Amino acid sequence: MTKKRILKSIAALAACVPLLGWAAWPEKPIRMVVPYAAGGGADNTARVVAQQMSIALGQQIVIDNRPGAGGVIGEDNVAKASADGYTVLYDASAFSVNPSLRKLPFDAAKDFIPVSLVATAPQILVVPATAPYSTVAQFLDFARKNPGKLSFASAGGGTGSHLAGEALNEQAKVSLMHVPYKGGAPALTDVMGEQVSAYFGNVASTLGYVQSGKLRALAVSSARRVPGLPDTPTLAESGLAGYNVVEWNGVFLPKGTPPDIVQRLGKAVQAAVNEPQVKQKLLQLGLEPAGSTPEAFAKFVQNEMGRVGALAKARNIRVD
């Protein structure tokens, strides 16, 4: 064999090494960064899904909580991680919100690869049980006839409840005053106490109060009705055509991660989400199980970023 042929053979063999490495992935535990505090909604969901994914992948997935700055600290940690498939981001709606509301140390649209949508979370538009309106039409009519009198609570600036309320303002052409709280619990308390007029609450925290009669549900924010409230219409059904504002959870990888790993991780997420026991747990957490291909999730995230960006501009929403 000539020297030239030997060198060509060595080069070909070297080119196969990384492929063999990716084919063996994962060979060690995977770190899943959750950019929110332990015990919260995203963390609880991540742990349910990660446990099932570990079984499918044959390696442990270790949850690493990196809370702060509305998710930015954890997101930045993953953006700067090695693109070898061993650092994964489990994020929520803030991923598509932050680019429009905050200055970021990374490019959310370019520094991550969307892997799979995990679940969506509808919100319930609730008002005090004693409110003089029982439908969205009556609520909006009251708002138009009494400018400046109605308000809506949120769990904080830039949260899902805030954006859902601003989307209602924008589409219905009303001016509900935004009252931000430090979390959903105090917001719910003040709606029940008639200190604030309305609130978009997630199903897990709000449904019980509706079922007990402490709050009145006018509509849900998703395109479909919520199983626990089959008689409560969507906002789209209530006259706001196309209104569909949901929170969501999904999985991302750092840019540059080999396509084979992206696809295999995506299939592991889809398999986990579709496992009957996991589905049931997600439903109990007030989520609608999803699971999607990387391509479909990338399109979803792009649409969400566009929607939030347009809303932030129209309503002049900023958090810093």
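**View 1. A salt bridge links Arg-224 and Glu-288.** In this predicted model, the closest N and O atoms of Arg-224 and Glu-288 are 3.2 Å apart. A salt bridge here is a side-chain nitrogen of Lys or Arg within 4 Å of a carboxyl oxygen of Asp or Glu. Side chains of opposite charge can pair when their charged atoms come close. Between domain 1 and domain 2 the count is three salt bridges. There are also two residue pairs in polar contact between these domains, both at pLDDT 80 or more. A polar contact is a pair of N or O atoms within 3.5 Å; within protein, one must be able to donate a hydrogen and the other to accept it, and residues adjacent in sequence count only if both atoms are side-chain atoms.

**View 2. Helices on the domain 1 side of the contact.** Helix H4 (94-101) and helix H11 (294-315) each supply at least two residues of the side of domain 1 that touches domain 2. H11 gives the most, with four residues. Helices are DSSP runs (H or I, at least four residues), numbered from the N terminus.

View 3. Welcome to the wider picture! The domain assignment, automatic or from a database, gives domain 1 (30-121 + 246-315) and domain 2 (123-238). Their centres, taken over C-alpha atoms, are separated by 27 Å. The contact (heavy atoms within 4.5 Å) takes 12 residues from domain 1 and 15 residues from domain 2. Together the domains bury about 1,200 Å², 57% of it on carbon and sulfur atoms. Buried area is the accessible area (1.4 Å probe) that two parts lose on being put together, summed over both. In domain 1, Glu-288, Leu-311 and Arg-315 lose the most area to domain 2, together 41% of what that side buries.

View 4. A search of the whole structure finds 13 salt bridges.

**View 5. Confidence along the chain.** The mean pLDDT (the predictor's confidence in each residue, from 0 to 100) is 92, and 92% of residues reach 70 or more. Over residues 10-21 the pLDDT is below 50, and this stretch has zero contacts in the model beyond near neighbours in sequence.

**Notes for all views.** Residues are numbered from 1 along each chain as its sequence is written, and side-chain values use heavy atoms, leaving out hydrogens and water. For this predicted model, local features need pLDDT of at least 70 and side-chain atom pairs count only at pLDDT 80 or more, while totals for chains, interfaces and linings use all residues.
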